[in-house]
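Hi,

Here is the structure I promised to pass on.

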Amino acid sequence: MKINALKLPLLAMLVLPFLSCEKDDDNGPDNEQELITTIALKFTGGGQTVTFSAVDKDGDGGSAPVIQDVVLKPNTDYTLSVSFLDESKTPSEDITTEVKAESNDHLVCFAVTGSMVSPQTSDKDTAGKTLGLESAFKTGAAGTGTLKVTLKHEADKSNANACGTGETDAEAIFNVKVQ
Amino acid sequence: MLQKDFIFVLALSKRMEKRWTSFWAVLWLGLGLSTQLLGQDCNLSLRGQVLNADTGLPMPYAGIIIKETQQGVQSDEHGHYQIERICPGEYTIVCSHLGCDHAEQKLALQRNAVLDIAMKENAVTLENLVVTGSSNKKAGTQTSSELSGVELDAGRGMGLGESLKRLSGVSTLNTGATISKPVIQGLHSNRILIFNNGVRLEGQQWGNEHAPEVDPFTAERITVVKGAASVRYGADALGGIILLEPKPVRQTPGIGGEAHLQGYSNGHGGIASGMLEGRLAKLPLSGRIQGTLKRAGNLQTPNYYLNNTGVSESNFSWSGKFQPEHWVVETFYSRFFTQLGILRDSHIGNLTDLNNAIERGRPLQDGAFSYDLGRPLQKVMHETFRVKLAHALSETDKLSLQVSRQFNRRQEYDAHRRFNPLPETLDDPSIEFEITTWAAELNWDHRLGRNWRGALGTNAQSQVNTVDRGALIPNFDNFDWGLYWTERRFKYGSPWEYEFGLRYDLRHLHVAEQGTNNLDEDRNFQNWSASLGLVYALNEDWKLRFNTGSAWRSPLVNELYSNGVHHGSASYEAGNPDLRAERGFNNSLTLEGSRNNRWMMALTGYYNLINNFIYLQPRSEAQLTIRGAFPAFDYNQADARIMGIDWTGDFSLYKTLHLESKASLLSGWNRELEDFLIYMPPLRFEQGLKWGFNEKKQADHPSFVRIAALWVLQQKQAPATDYAPPPAGFVRLDAELFHTLMWGRQRLEFGISVSNLLNTEYREYLNRFRYFTAEPGRNLSLRIKVPFNFT
């Protein structure tokens with residue numbers, strides 16, 4: 001190779017870097033967070049519909065979530081439907097539609113303590129496996145306990161302990177009073 | 001270096017001889033004429049050490065040649081050389097080194113002789129020192145260790161952190177198998193400074209899962225300086241400094257370069273890296289382009305695959321250098337881009353998920369091999385651009401100005417996309433940080449009197465960070481200014497060497513929006529750093545080093561203002577805006593010994609106090625969110641103490657069979673809580689046997705076989721606040737073969753290494769994913785390096 005042929009590219013190297021720096025494509029901060037702020041439980045049965053919610057509008061940190069006490073009648077068959085909302089913006093956004101749209105990736109789990117029986121899920125995802133947005137909840141005699149509602153993402157639904165897998169998207173523990 | 005290259009250097013030196021006759025080297029005809037007479041047989045040997053006449057430091061890779069017989073060797077990394085099978089007679093010994101005037105000495109050789117050669121630096125090529133200020137400083141009086149040549153080639157495919165693990169006292173803080181950060185004597189992240197080609201790396205080093213954004217293939221030599229006292233480089237380096245230095249630019253006309261190909265069995269990874277450089281004959285102008293491509297898929301532990309642990313990396317850099325007499329103009333540009341898959345099972349929602357995952361202790365599924373990179377994912381781009389101008393004021397004084405710009409973009413993709421994404425935002429990251437850094441440095445390297453050498457300089461840096469997504473840290477900008485002065489006294493022949501340094505820094509930090517909050521706060525920090533170093537040569541073989549110093553570090557924006565959940569670690573972190581600066585007091589004492597190729601050892605003890613050490617203190621109550629409870633941590637500060645011992649040794653057992661030994665022992669203590677510091681490396685102890693062969697044919701690149709065993713004990717000195725107790729200790733076996741072949745006139749370097757030879761399942765305490773998975777299993781790697789040269 002002729003050495004002089006090198007001269008141009010070498011000179012170009014001295015100059016080129018000036019032209020090639022990547023620009024910060026910043027268009028001002030986009031700190032908007034889309035998240036679940038609210039878990040709402042709608043109980044229908046005994047001739048009435050009651051709604052309770054767990055709300056944390058300011059996201060992680062700041063003030064703790066406000067969780068309402070669930071008050072139900074004894075010995076009643078309820079249907080329970082769970083919904084998830086983003087109320088950090090107006091109008092608030094219903095994230096339940098997305099959970100339904102990606103039903104295979106989502107699972108609503110329940111865990112109870114005290115004098116009650118865990119809700120029996122009634123809906124299925126598109127693969128025919130449990131989803132949990134809709135369930136049947138039967139109250140017994142008067143008493144108290146807790147109901148933990150968890151929305152899981154990418155849980156392994158074929159696992160015997162499916163609710164022990166996956167990533168938690170939303171979770172709240174409600175105090176339940178049957179009176 | 002190539003034998004061919006060596007001749008070039010020689011030719012170059014001859015040309016320079018005319019120009020720089022007044023600075024020719026000083027030669028010593030040493031001592032050892034007392035060895036036995038060997039008659040007329042051609043089995044005499046000549047040995048000695050090549051030293052820098054100004055600094056007294058050993059000069060590695062100098063060419064030593066007997067003019068009459070053309071017998072030649074290159075000095076090793078400690079400057080030692082040995083020429084064998086010389087017939088008695090009168091000879092001219094020529095010694096040459098890039099950057100030095102060449103030296104000639106007539107010698108009548110009748111018996112084995114020792115010849116120490118002191119070389120004088122050449123003012124024109126000394127600009128390499130001007131740039132990084134490193135060559136004389138880094139070795140200085142401080143304890144440092146260096147990775148270059150075959151050892152660097154063998155490790156650098158695994159990234160910076162993993163390659164530095166070969167040095168004693170250096171470990172890594174890992175996040176899974178793909179993210180690895182160097183830890184020096186127990187400290188990491190922003191307590192370590194990384195200099196890539198003279199530019200202080202300014203990325204997002206604050207995060208434990210933010211790996212350094214450098215391509216180790218750009219470096220020919222990586223030096224780790226331990227301890228706080230490196231005032232030349234900046235205030236924040238409480239733990240130490242890592243210097244990555246590229247190969248010096250070509251000094252002879254023509255084109256050359258090197259090509260690397262590496263393959264790994266675990267993860268089916270491949271790396272291709274190449275470098276091409278050229279220099280003109282008529283104009284002192286040289287240039288280089290370099291690039292690296294890396295691709296790997298899911299890694300495998302002895303019992304299962306790790307889903308989504310692939311890596312894709314593409315880096316390139318170029319540089320140009322123009323060197324008219326007494327001047328140097330240099331530009332350098334590099335772009336680093338990596339995409340790192342993160343183990344899917346490590347992304348968890350809350351404390352319950354974390355406990356479930358820890359209870360399992362392994363991924364939910366066995367996984368399978370795939371090159372696919374899914375979520376969670378990190379994409380990191382880092383760009384560096386530098387212009388340097390240096391001028392030799394005289395043969396000993398140099399003035400240099402460097403201006404650099406860095407741009408870093410870090411995008412993190414959580415496992416879960418946002419809810420209800422707009423179609424155009426479907427592939428948007430969950431978190432995005434962008435930081436732009438401009439820096440300038442003016443430095444004057446000088447000599448005072450005969451024996452003092454030093455540097456005086458100032459640097460300024462301006463930084464803007466925007467958080468485009470997420471609100472974990474606020475937007476901020478900061479301005480730093482520093483002034484430093486170091487002097488070092490070295491007199492050839494005197495057993496004493498001294499060094500001191502002073503530094504003053506100030507930092508202004510302005511924080512703006514964090515999420516929807518406008519903080520609009522200003523913080524100012526300013527303080528002194530100082531260092532003192534002493535070296536005493538007990539005799540020819542033994543040296544004592546003592547270093548003491550004090551440095552400080554201002555709290556970082558994440559420590560001051562963090563607010564949010566870290567998904568990878570399922571923890572809620574809250575900053576503390578009232579944090580004060582950390583102040584470290586370092587003391588270290590090193591005993592070093594070496595003799596030719598027979599043995600070398602270094603034993604360092606250190607005792608470091610850090611006042612106002614910033615750490616994460618677990619809260620007694622979990623942070624409740626709409627996703628459930630998260631363990632919560634507050635940034636807090638307390639006085640801490642870190643002390644330990646680093647050991648490294650290399651002993652010839654029988655001929656070329658060497659025992660290599662390394663150990664590091666460390667203890668970290670929170671003096672206020674009277675508890676251990678978290679994430680301190682446990683005792684590591686490595687023993688290896690290395691057998692060298694083919695040393696006659698390839699004196700510069702001798703072949704070797706090595707087998708090494710690594711013992712790591714369980715960390716008993718850990719606080720009880722961890723999610724899970726430290727993992728059990730383990731023993732791991734590694735093996736390596738290196739061989740150099742000549743294919744015609746072309747040299748080929750081959751390496752085969754097997755890490756975790758026995759496919760042992762183990763966990764490292766310093767891996768943040770040890771809760772979820774074991775370390776990767778056996779990994780067989782093949783590599784080939786082809787240096788080439790056309791004139």
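Over which residues of chain A does pLDDT stay under 50, with eight contacts beyond four places in sequence in the model? That would be residues 17–21 of chain A. (pLDDT is the predictor's confidence in each residue, from 0 to 100; two residues are in contact if their C-beta atoms, placed from the backbone, lie within 7 Å.) Residues 23–33 of chain A also stay under 50, and there the model has 20 contacts beyond four places in sequence. Where pLDDT is low, the predicted coordinates should not be read in detail. For chain A as a whole, the mean pLDDT is 82, with 81% of its residues at 70 or more.

Some housekeeping: this is a predicted model, so local features need pLDDT of at least 70 and side-chain atom pairs count only at 80 or more, while totals for chains, interfaces and linings use all residues. Residues are numbered from 1 along each chain as its sequence is written, and chains are lettered from A and ligands numbered from 1 in the order in which they are written.

Now for the strands (DSSP E runs of at least two residues, numbered from the N terminus; two of them pair if DSSP finds at least two bridges between them). In chain A, β1 (residues 38–45) and β2 (residues 48–55) pair antiparallel over eight bridges. They make a hairpin with two residues between them, and A:Gly46 in the turn has a positive phi of about 60°. A:Gly45 stands opposite A:Gln48.

Chain B has an open sheet of five strands, ordered β10-β15-β16-β13-β14, with mixed pairing. Its edge strands are β10 (144–148) and β14 (199–200), each pairing on one side only.

Next, A:His153, which lies in strand β10 (residues 143–153) of chain A. Why does A:His153 count as partly exposed? Because A:His153 has 19 C-beta neighbours inside 10 Å; 20 or more would be buried, 12 or fewer exposed, and partly exposed is in between, with C-beta atoms placed from the backbone. Leaving aside neighbours within four places in sequence, the contacts of A:His153 include A:Glu167 and B:His416. The C-alpha atoms of A:His153 and A:Glu167 are 5.1 Å apart, although 14 residues separate them along the chain.

Cheers

Note on methods. Helices (H or I, at least four residues) and strands (E, at least two) are DSSP runs, numbered from the N terminus.
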